[in-house]
Each structure stands twice: as structure tokens, then as C-alpha cells.
Amino acid sequence: MQTNVDNYAFMEHKLVVYNTLTRKKEQFIPLHTPNVGMYVCGPTVYGDAHLGHARPAITFDLLFRYLKHLGYKVRYVRNITDVGHLENDADSGEDKIAKKARLEQLEPMEIVQYYLNRYHQNMEALNVLPPSIEPHASGHIIEQIDFVKRILDAGFAYESEGSVYFDVEKYNKQHNYGKLSGRNIEDMLETTRDLDGQTEKRRSVDFALWKKASPEHIMRWPSPWSDGFPGWHLECSAMGTKYLGDEFDIHGGGMDLIFPHHECEIAQSTAALGKETVKYWMHNNMITINGQKMGKSLGNFITLEQFFTGNHPLLEKAYSAMTIRFFVLQAQYRSTVDFSNEALQAAEKGLQRLMEAYTRLQKLQAGATTTVDIAGLRERCEQAMQDDLNSPIVIAHLFDVAKSINTIYDGKAYISAFDLTELKETFKLFIEDILGLQTETEAEGGNSDAYKGAVDLLLQIRQDAKANKDWATADKIRNELAALGFEIKDGKDRVEWGLK
Ligand SMILES: [Zn+2]
């Protein structure tokens, strides 16, 4: 059937994404164009977000922004884990949130709200767009109980002393447990076959769908099996399919979630629904510190708040939220990133140079012709994005053209009105809309226009004073601004200022 959709960019795009499930790059073709369903595992809200949380948030924000740019109507679901995530990601031990609540003598939901608010503040600072839906695990207990029932009915789970476990061995006879992570389940079953008969589980590879709460456990709900709480993996199967349907396009998260979390999700959904739920599994790589995984127990754990204030022994200074965002985007999301002060300071300088060129671009005057090579920037940036979101290549293309902008700004080259308009549009599209970068004063949420206007006004008064040979007033303005941290450069026909 011929439909009139020629004006939609998505009909022409060649977006290719790496699918962890097939281990190759695939063309992105949604199940129900122009709608795209995307689910990303969100935070367990029992502590402040750290650099490791920033990477998936920024990676999938980049994807969300790019899909919208292509013309898709994206429903982006990012969950909040507020129950059932036990220590060490295991089936035993204390609930992470309940433990924090006990230590701080607060209601678990006070802990959740406190850290969720702080998470949202961090995300806003990083210019990460809010998802379309942010469901809480604790708000979907009924859906999760229903999901357990379906898995039990399908015969892939068993009840044991009030808890319900997923039967991995039985599932693996008909399906492939380990298909996402590439783990060999036969080996796992072999090594765990005869482990202690004391446990409720038949096999140690089996995982909890529902856990009976011990008497002191405060986060508990009634169910057909016991007063208890859902297993950690279950919420994503239940909430993903509730909001995106039994089959949806994209499921994302950090690589550390591939096993067991996402492997278990696939097993749960396939067992309950009889089919594969997710078409493209996408995973961002980790951020390491001096080659080590970041973790509370390793003592190299730096929260985003600490980056923003510089208040951590490993940090030489404070780094702005935009520096962190730029630092993350300077690497393709599937490559590793190692944190160091040097790398962050390089990112800070790079971002400054790029944003300075972007500011200068707004001030350029059009000439009769273009004497710099800036052709095809938009196409080259699109190609880089379409190649599995290759943001570092986009940034490299923007830097190439930034050099030309500076040359034109210095009066050593020219740009036509047509090319200037196209360049402004392309820079805005990639810098602001897709990469989500903001100038720092904007990012800090101040009245940046009023602030800039005030400094410009002072400098204008200084120019007037100079014109009247009132050197005392002119010097006073310059010296006082310098004392406040401003740097003022007197050019041939304009005065430039910035913060030192
Ligand atoms: Zn999840």
C-alpha cells in the first residue's frame, strides 16, 4: 500500500544498532512504525547516583533524542527499582532499600523518595530528558503476581516454602537459557547439581520470582503463596510488557545487567508469554577508574554530586554536569571509558572550545561567498549517528568545522548567507537537540540572558567612558570585573569577555 509518508525522515534513515542478542549490527526496523517502544533499566534508589549511572542515562538519552529526530513517536519507559533488589544481586540477603531504611530509621518509601528526587536533580543537570513513563516496582505488585502465576501455569516455576522459583533446567530443555549472555547453562547446571539440599531452590541457578518475607522484613505484600515481595528481575518483565506490549523494540541497560538480570528477564517473558519480547537488546559499556570497576566496596566510588562539587579525594577539582556529559559522549557507548582527572580536564577544554565556536557562529556575518570547506557536515554527522550512535565521530566532525568558524570569525575567510543558515541549523541540531549539550550558564539554570546582558551593559558603559576620555571609570569597570573573575579582551572592533 502506498502511503503519503515521504516527509518522514524515518522512511529514509539507515540507523544501525548493535544487538547484544544476535551479536551483530542490525538495521533498526521498528515493529510498529512510526511508534517505537523502548525500555531501559533504571536505578535502585538507595543511594546517590554515581558516574556509572550517568553512562546508561546519557547513552539512552542520546538514542531517545535521535529516534525522535528521525521522526519516531517514542514511548520510553525507565523503571525505578524500589523493592526486591537484594544485596549482591542475589536471592538472599537484605533488601537494599529496607537495609538503608533500617540504618537511617526511616520509612523505606522515605529513602526511595529522597534518592529519587536527588537522581532527578542529577539527570536534569546532565540534561537527560525525562522518560515517557517512570514506573515503580512497588506500584506494580499486582502485575508482578500475575506474571508469576502465568509462569507457574506454563510449568516453568515451582513453589517452595512460600517462595516461587524459576525452573531454569526445565526452561532450558525447551528454550535457550544463556542466549543473551552466551553462558553455557549445561556447565552451570553440572557444577551446581548436587549443591546443598538445605536450600529452598532445586538448583542454585534457579532464581526467585516471589520471596516469602521473614517476620522482620518490612516491605511485604499478600500473595497466593505468602506475604512477601517480588524477585528483582520480575519487575522489568511485568512493567515492560504492561506499558510496551508483549513485543517491543528496544531494551537497554548497562553491560553488567546482561547476566543475570536480562537473561532472567528473557526467560521470564518467554515462559509467561510463549514468545520473545524484545527485538533489539542494547548495552552500554562500563566506566572504570584506573582500570577497575567502580564500586562501593572498592572505595573508588564517586557520586555525581561529588563530581559537581569536587568534594572527593580522587578529584583534583569540580567538574560541571556538561563536562561529565561531554566526557561520556566522547566515547562510543560500547567502548570502555576509564576515568581520570586528565581525561575529564581534556573533556572540559574540548567542550569549552566547541561551545565557544558555537557562540561565535551566532555572531558571524554573511559574506558574498563561502571560502571554507564545510559542505556535507549534516550528512556526515547523520552517518555517524546512524552507525550505532557514533557520537565521538559526530563530535570530531563538529570540531573540524569549529576551526573554520574561528577562521571566519577572525576575518580570514568568508561564508555565504545560505551556508551560514545551514551551519547554524546543523550545529543547533547536533549540539543541542541530539548531543544535548548546553552552555554552562544555561546548564546552571540561571537567567543567563539577563546575566550576559548585564555584563554587556557594563562593557558598553566602559566603551562610552573611554570615548569621553573618562579613563578612571573605564579602568574601574575593567578592574572590578577582573576581580570578580571575568576576563576581558579588547579586540579591534569588539570587546570579548568570558569567565577565567
Ligand atoms: Zn531491569
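Biologist: Which residue stands opposite valine 40 in β4?
Modeller: Valine 40 faces arginine 78 of that strand. Please note that this is a predicted model, in which local features need pLDDT of at least 70, side-chain atom pairs count only at pLDDT 80 or more, and totals for chains, interfaces and linings use all residues. Residues are numbered from 1 along each chain as its sequence is written.

Biologist: In what sense do β3 and β4 pair, and over how many bridges?
Modeller: The pairing of β3 with strand β4 (residues 73–78) is parallel and extends over six bridges. Two strands pair if DSSP finds at least two bridges between them. Strands (E, at least two residues) and helices (H or I, at least four) are DSSP runs, numbered from the N terminus.

Biologist: How does the chain cross from β3 to β4?
Modeller: The chain passes through helix α1 (residues 51–69), and this β-α-β crossover is right-handed. With the strands pointing away from the viewer, the path from the first strand over the helix to the second therefore runs clockwise.

Biologist: And which residue is the bridge partner of tyrosine 39 in β9?
Modeller: Tyrosine 39 has histidine 251 as its partner there. β3 and β9 (residues 248–254) also pair in the parallel sense, over three bridges.

Biologist: How many residues of β3 are buried?
Modeller: Five of the six residues in β3 (residues 35–40) are buried, that is, 20 or more other C-beta atoms, placed from the backbone, lie within 10 Å of the residue's own. Over the chain of 500 residues, buried ones make up 38%.

Biologist: Changing topic: into which domains is the chain divided?
Modeller: Domain 1 covers 24–284, domain 2 covers 289–442 and domain 3 covers 447–499. These bounds come from an automatic or database domain assignment. The centres of domain 1 and domain 2, taken over C-alpha atoms, are separated by 33 Å.

Biologist: How many residues of domain 1 are in contact with domain 2?
Modeller: 21 residues of domain 1 are in contact with 24 residues of domain 2, where contact requires C-beta atoms, placed from the backbone, to lie within 7 Å.

Biologist: Which element gives the most to that side of domain 1?
Modeller: Helix α1 gives the most, with twelve residues. The elements that give two or more residues to this side are α1 and α3 (108–125).

Biologist: What about the overall chain?
Modeller: The chain has 17 helices and 15 strands. Its C-alpha atoms fill a box of roughly 95 × 60 × 35 Å along the principal axes. Of the contacts between residues at least 6 apart in sequence, 72% join residues at least 24 apart.

Technical notes. Buried ≥ 20, exposed ≤ 12 C-beta atoms within 10 Å, placed from the backbone. Contact = placed C-beta atoms within 7 Å.
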